[in-house]
Amino acid sequence: MSLITVERKILEKNDEIANINREKFRFKGMFTLNLVSSPGSGKTCLIEQTIKLLKEKMNIAVIEGDVQTNIDAQRIDALGVPVVQIVTNGACHLDAMLVRDAFQKLNDIDINILFIENVGNLVCPAAYDLGEEMKVVIISTTEGDDKPLKYPAIFRNSEVLVINKIDLLPHVNCDVDTIIKNAHSINSGLKVFEVSCTSMEGINEWCEFLLYEVKSQ
Ligand code: MG
Ligand code: ZN
């Protein structure tokens, strides 16, 4: 029983700081997204392709979460976009405190969209509010169409589902309609984008959505 109490206290403290983060992000007029997926679903690829299409139109910044390396942050840095790396040293999710501290390095920059790339994991990132406006869950067609049923919490807590690697559909045993049906059985309000960061299919629609949300901030 004491374990449950400790966990609840940690989450309460996290939510308190997440709410302060969110107020700060909104005050700055930023649209903030928390990108969650399994390792290898294409979070960094999606951010890279989005930057290429949108960086002339708006100011983008990225907070990169990683268990061990700064490889992803180097990829973002190569595109000339401000990026802060959080290395969790083994921890399997970001929390609101880590994001608060990382954001201090971006505080003085004019930002329209902030992407927070979470650690590759579909389990605990679902429970940790970072202060984002929206959670985006990404799944790729190589992962199988039963993911929403196996990891319902992250699909319930997200506003957007991005199905990535649709260029691989002819080669994998995955049905996009089944992914969508399973995801909507958990969260009927999920907005869905089908994309390929390789062929660029669907990336324009995703960017149009982001543009619209930025203008609404
Ligand atoms: Mg990555
Ligand atoms: Zn974790």
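Predicted model: local features only at pLDDT ≥ 70, side-chain atom pairs only at ≥ 80, totals over all residues.
Residues are numbered from 1 along each chain as its sequence is written, chains are lettered from A and ligands numbered from 1 in the order in which they are written, and side-chain values use heavy atoms, with hydrogens and water left out.

Asp-72 belongs to helix α3 (residues 71-77) and Glu-117 to strand β4 (residues 113-117), so the pair ties together parts that are 45 residues apart in sequence; helices (H or I, at least four residues) and strands (E, at least two) are DSSP runs, numbered from the N terminus. Asp-72 is buried at 13% relative accessible area, and Glu-117 is buried at 3%, where buried means under 20%, exposed over 50% and partly exposed in between (1.4 Å probe, protein chains only).

**Helices α2 and α8**

Next, select residues 43-54 (α2) and 203-216 (α8), which pack at an angle of about 70° with their axes 10 Å apart. The axes are lines fitted to C-alpha atoms, for helices over the stretch in contact, and angles run from 0 to 180 degrees between N-to-C directions. The contact (heavy atoms within 4.5 Å) involves, among others, Leu-46 and Leu-53 of α2 and Trp-206 and Leu-210 of α8.

**Salt bridges**

The structure holds 9 salt bridges, each a side-chain nitrogen of Lys or Arg within 4 Å of a carboxyl oxygen of Asp or Glu. In helix α1 (residues 2-27), select Lys-13 and Glu-16, whose side chains meet at 3.7 Å, N to O; being 3 residues apart, they are separated by about one helical turn. Then move to Glu-132 and Lys-135, where the closest N and O atoms are 2.8 Å apart and both residues are buried. Salt bridges that share partners also join Glu-48, Asp-72 and Arg-75 into one network.

**His-93**

Finally, select His-93, in the loop between β3 (83-87) and α4 (96-103), which is buried at 15% relative accessible area.
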